[in-house]
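Here are my comments on the model you sent. Please read them with the structure open.

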Amino acid sequence: MGHVTDRDGERQAGAAGPVPAHVGIIMDGNGRWAAARGLPRLEGHRRGVEALRRTIRAAIELNIRFLTVYSFSTENWSRPAAEVDDLMFLLKRFIRNDLADLHRNDVRVKVIGMRDGLKPDIVGLLHEAEELTAGNRGLTLVVAFNYGGRQELASAVRRIAERVRAGLLDPEAVTVETIADHLDTAAIPDPDLIVRTSGEQRLSNFLMWQSAYSEFVFLPGHWPDFDRAALESALADFTTRERRFGGSQAEAALQVKTAL
Ligand code: IPE
Ligand code: IPE
Ligand code: MG
């Protein structure tokens, strides 16, 4: 593990460690990959699914515990209907084709994001993927689908407010942990490393709350070209980072924590 999180959401500082426990990936650049080849955007998305397969395999081999992939944002609905349809179709096909294989490989699938607004067949498939693999102990594949960090936070606040209104929770008792526990990612550790392909250096509403102390690696290549070597280069970059979590120096902060 790259870090340990205590009950107050504080983390023990330390060297990044050889392998991050949780890697988040903003899979960007399918459209540019296709445009550069004179191909339709759909072809870029199709090849993006192949890159996802390679990446899941590599994550298993590299002993990453949690892999979160950003596959459709709450803002992606603003794309032309035909492209949205293509993306929905590819998600369905991915689950139908790959679920059995993921299950055989002991992968646990967890989906984060809003279910309302999704077609019933998609909701059914997402549910099936989670149910079938719930007991698996290998890689946890977190699929961020119809996901937005702000929407996730708003939904958490709504549910906390409901508990306050029902008299179950004192507003004074709302802590960082209360909020974390009401996010879709409750029980999933914060991402140690977030990788974004295609050169864009922004979060685009991905894991806003959870990325407070994540390390970021931005790669110039487009997502459909992503492979194990690209993942390994991001991991190699991660190992050179000094994570402090607000302390003055990683090693010193770790020693103080250990002595307490
Ligand atoms: C990422 O590629 C896939 C999704 C956002 C669904 P894009 O479709 O964003 O590709 P670019 O950024 O236009 O190149
Ligand atoms: C972020 O990429 C969403 C996904 C990768 C699913 P976008 O391509 O939608 O982000 P922007 O619009 O460039 O910020
Ligand atoms: Mg994009």
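Predicted model: local features only at pLDDT ≥ 70, side-chain atom pairs only at ≥ 80, totals over all residues.

1. Length of α2. Helix α2 covers residues 41–61, which is 21 residues.

2. Buried residues of α2. Which residues of α2 are buried? They are Gly44, His45, Gly48, Val49, Ala51, Leu52, Thr55, Ile56, Ala58 and Ala59. As background, an α-helix has 3.6 residues a turn, so residues three or four places apart point the same way.

3. Surroundings of α2. The buried residues of α2 pack against both strands and helices. The strands are β2 (22–26), β3 (66–73) and β5 (140–147). The helices are α1 (30–35), α3 (81–104) and α7 (228–239).

4. End of α2. Asn63 follows α2. The phi of Asn63 is positive, near 65 degrees. For context, most residues other than glycine have a negative phi.

5. Geometry of α2 and α3. The two axes come within 10 Å and cross at roughly 25 degrees. Angles under 35 degrees count as roughly parallel, and α2 and α3 are therefore roughly parallel to each other. Their crossing is right-handed.

6. Residues between α2 and α3. From α2, the contact is made by Arg41, Leu42, His45, Arg46, Val49, Leu52, Arg53 and Ile56. From α3 come Glu83, Asp86, Leu87, Leu90, Arg93, Phe94, Asn97, Asp98 and Leu102. By type, the residues of this contact divide into eight nonpolar, two polar and seven charged. Of the α2 residues in this contact, His45, Val49, Leu52 and Ile56 are among those buried.

7. Ala187. Ala187 is not a glycine, yet has a positive phi of about 80 degrees. Where does Ala187 lie? It is in the loop between α6 (176–182) and β6 (193–196). Ala187 has a relative accessible area of 80%, so it is exposed.

8. Ser204. Here too a residue other than glycine has a positive phi, near 50 degrees. Ser204 sits in the loop between β6 and β7 (215–218). Its relative accessibility is 29%, so Ser204 counts as partly exposed.

9. Ser73. This residue is found in strand β3. Is Ser73 buried or exposed? Ser73 is buried, with a relative accessible area of 6%. Leaving aside residues up to four places away in sequence, Ser73 touches Asn146 and Tyr147.

Note on methods:
Residues numbered from 1 in each chain as written. Chains lettered and ligands numbered in written order. Heavy atoms only, no water. Helix = DSSP H or I, 4+ residues; strand = E, 2+ residues; numbered from the N terminus. Expected span 1.5 Å × (residues − 1). Buried < 20%, exposed > 50% of the residue type's maximum accessible area, 1.4 Å probe, protein only. Contact = heavy atoms within 4.5 Å. Axes fitted to C-alpha atoms, helices over the stretch in contact; angles between N-to-C directions. Parallel < 35°, antiparallel > 145°, perpendicular 65-115°, else oblique. Left-handed = near helix turned anticlockwise from the far one by under 90°. Nonpolar A, V, L, I, M, F, W, Y, C, P; charged D, E, K, R; others polar.
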